[in-house]
Amino acid sequence: MGQEVDFMIHGYLKLNFFGSDVYITTTHVCLCIICLTLIALGLVVSQKMKHAKAVPDGIQNVAEFYVEMLDGMVKGSMFRHWGKYANYILTIFMFILFSNISGIFGLRPPTADYCVTLTLALITFAVIQFNAFRTNGAFGYLKSLTQPIPLLFPINVIGEIATPVSLSLRLFGNIMGGTVMLALYYGLLPKLATLGIPVFLHVYLDIFSGAIQTYVFCMLSMVFINDKLPE
């Protein structure tokens, strides 16, 4: 039990940023790998769709299935507004999914870093507030925070601020928990016990749990955004 547990949190390069030391960490490296993978995948799919076949196969089939599946999910949650936000939801769904399941490829999931999940939640929060102001106007939005009685204004403000906090913490907590469990398994057990058996842990903690948390984040984002849109 004297082995060291590696949670894959390493600083690779120290930079001086406005007088403060900042580090290029494992999260930055993994984020770059995932973003480059998504860009490459997007370019391949784009080229494939330029020469799309009437009967799809291979990459075209997978791409069309993904878009149709996610479009159906957005339509079911956002109704007539779905077209405005389909691209946003499809983009964050793919980014979060790839980040969550990256552990099976030996990477540390970027979503196990709270800065990443908080940034995603703040983007959704900005979209929510933009729609609230556009739908109700500044005065109408402030008035809505006083409903049903003005005394509840502070509580309603806290409720608005709690949205990105709850979104980010839910995603971060689940992915970080899985990362810690796998690190403990690999770090504390004999090498023989890490052959074969971790496959089942990766299936549940990386693939199953990662897909579920991706769906939950996107579904809640759609619900919160749609709540601020006109009927």
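Helices H4 and H5 run roughly antiparallel to each other, because the angle between them is about 155° and angles over 145 degrees count as roughly antiparallel. The model is predicted.

**H4 and H5**
- H4 covers residues 114–144 and H5 covers residues 153–188.
- The axes of H4 and H5 lie 8 Å apart.
- The crossing of H4 past H5 is right-handed.
- Sorted by class, the contact of H4 with H5 comprises 16 nonpolar residues, 7 polar residues and 1 charged residue.

**H1 and H3**
- H1 (residues 26–50) packs with H3 (residues 82–101) at an angle of about 130°, and their axes are 10 Å apart.
- On the H1 side, the contact is formed by Leu-31, Ile-34, Cys-35, Thr-37, Leu-38 and Leu-41.
- On the H3 side, Met-94, Phe-95, Phe-98 and Ser-99 take part.
- This contact of H1 with H3 has 8 nonpolar and 2 polar residues, with no charged residues.

**H1: length and burial**
- H1 has 25 residues, which at 1.5 Å a residue should span 36 Å; the C-alpha atoms at its ends are 36 Å apart, so the two values agree.
- Thr-26, Thr-27, Cys-30, Ile-34 and Leu-38 are the buried residues of H1.
- Ile-34 and Leu-38 are buried and are also among the H1 residues that contact H3.
- The buried residues of H1 pack against strand E1 (11–17), strand E2 (20–25), H3 and H4.

Note on methods
Residues are numbered from 1 along each chain as its sequence is written. This is a predicted model: local features need pLDDT of at least 70, side-chain atom pairs count only at pLDDT 80 or more; totals for chains, interfaces and linings use all residues. Side-chain values use heavy atoms; hydrogens and water are left out. Axes are lines fitted to C-alpha atoms, for helices over the stretch in contact, and angles run from 0 to 180 degrees between N-to-C directions. Helices (H or I, at least four residues) and strands (E, at least two) are DSSP runs, numbered from the N terminus. Angles under 35 degrees count as roughly parallel, over 145 as roughly antiparallel, 65 to 115 as roughly perpendicular and the rest as oblique. A crossing is left-handed if the near helix is turned anticlockwise from the far one by less than a right angle, and right-handed if clockwise. Ala, Val, Leu, Ile, Met, Phe, Trp, Tyr, Cys and Pro count as nonpolar, Asp, Glu, Lys and Arg as charged, and the others, Gly among them, as polar. Contact means heavy atoms within 4.5 Å. The expected span of a helix is 1.5 Å times one less than its number of residues. Buried means under 20% relative accessible area, exposed over 50%, partly exposed in between (1.4 Å probe, protein chains only).
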